[in-house]
Amino acid sequence: MIGPKLTLEHVSYAYGAQSALQDVSGQFLPGSLTALTGPNGAGKSTLLQIIAGLLKPQKGRVSCSFSQGAVGYMPQTSTVRRDYPLHVLKAVYTGFWPQAGAHHAITPTLKQRALEALHEVGLEGFEKRPLSALSGGQFQRLLFARLIVQDPALILLDEPFSGIDTKTTAQLMERLLAWHRQGRTILCVLHDPLVIRRYFPEAFVLCHHCIGKGLTHDLLEQKILFSDFETRISA
């Protein structure tokens, strides 16, 4: 699978009088693996929602040249309601909706794909467990299983490793790297400098506007990554 090229052209967005994004431009090449980073409140989640089509930019535009596949968006787990009377397997089934529609029957083939996805993320045997009974790490694994069955060409992840242990992070990172090897385009909101340095060849640094983009190694040498963001915001 070849992921799409994603282009941002002068994207701006505000919540009332509070500006979230200011004239953000950049390009993400097909098959790229990019860390979207910056301080809290810098507009990272807003940008991801605009790319996913959940918000419309108030200025500028986003263009995405798809070759195949859909957009897979994983929000922050803190924003996802977990009190729905839904068990794990049925939650994974929702990943088939972009392909089959909400009322399409789950065939034996689709069920097997869902079971295999749960096995891959370490949730085999959790099929009938309610969402409310999952720990934070287990729920994050479930969201990854849902993305696996969705099979998207463009993957957008908002803090996918927040609040989970090192072992779970490493296991889920392996799935993300497998997607990268398949040629999918991946954009991931992250704060952990160790994860970014180790796994992400490219980075996009946001403080309401873009203050740096390119190869992670080059941004580190230029002291753009993990520097004093608050000084940059007030400058």
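Predicted model: local features only at pLDDT ≥ 70, side-chain atom pairs only at ≥ 80, totals over all residues.
## Burial and the basis of the model

A residue is called buried when its relative accessible area is under 20%. By this criterion both F144 and F161 are buried.

## Aromatic pairs

A pair of aromatic rings is described by the distance of the centres and the angle of the planes. Over the whole structure, a search finds 4 aromatic pairs. One of them joins F28 and F204: the ring centres are 5.3 Å apart and the planes stand at 45°, so this pair is tilted. The two residues belong to distant parts of the chain, F28 to strand 2 (residues 18–28) and F204 to strand 8 (residues 202–207), with a separation of 176 residues. F28 has a relative accessible area of 4% and is buried. F204, at 1% relative accessibility, is also buried.

Another pair is made by F144 and F161, with 6.4 Å from centre to centre and 20° between the planes, and is stacked. F144 sits in helix 5 (residues 136–150), while F161 lies in the loop between strand 6 (154–158) and helix 6 (166–181); 17 residues separate them. Together with W179, F144 and F161 form one aromatic cluster.

## The sheet 2-1-4

An open sheet is built from 3 strands in the order 2-1-4, with antiparallel pairing. The edges are taken by strand 2 and strand 4 (59–65); each has a single partner strand, so one side of each has no neighbour in the sheet. On average, and ignoring direction, neighbouring strands of this sheet are turned by 15° against each other.

Strand 1 (residues 5–15) pairs with strand 4 in the antiparallel sense, over 6 bridges. Within these strands, K5 stands opposite S65 of strand 4. Helix 1 (residues 44–52) packs on the sheet and touches strand 1, strand 2 and strand 4; the direction of helix 1 makes about 125° with that of strand 1.

## L6 in strand 1

L6 is located in strand 1 and is buried, at a relative accessible area of 1%. Apart from neighbours within four places in sequence, L6 is in contact with G26, Q27, F28, I51, V62, S63 and C64. F28, in this list, is the strand 2 residue that pairs with F204. The C-alpha atoms of L6 and L154 are 8.9 Å apart in space, although the two residues are 148 apart in sequence.

## Helix 5 against helix 6

Two packed helices are described by the angle between their axes and the distance between the axes. The axes of helix 5 and helix 6 come within 11 Å and cross at roughly 10°. Angles under 35 degrees count as roughly parallel, and these two helices are therefore roughly parallel to each other.

On the helix 5 side, the contact involves G137, Q140, R141, F144, L147 and I148; on the helix 6 side, T168, Q171, L172, R175 and W179. By type, the residues of this contact divide into 5 nonpolar, 4 polar and 2 charged. F144 and W179, one from each helix, are also members of the aromatic cluster with F161.

T169 is another residue of helix 6. With 12% relative accessibility, T169 counts as buried. Leaving out neighbours within four places in sequence, T169 is in contact with F161 and I164.

Key. Residues numbered from 1 in each chain as written. Heavy atoms only, no water. Phe/Tyr/Trp six-rings, centres within 6.5 Å; stacked < 30°, edge-to-face > 60°. Helix = DSSP H or I, 4+ residues; strand = E, 2+ residues; numbered from the N terminus. Buried < 20%, exposed > 50% of the residue type's maximum accessible area, 1.4 Å probe, protein only. Pairing = 2+ DSSP bridges. Axes fitted to C-alpha atoms, helices over the stretch in contact; angles between N-to-C directions. Contact = heavy atoms within 4.5 Å. Parallel < 35°, antiparallel > 145°, perpendicular 65-115°, else oblique. Nonpolar A, V, L, I, M, F, W, Y, C, P; charged D, E, K, R; others polar.
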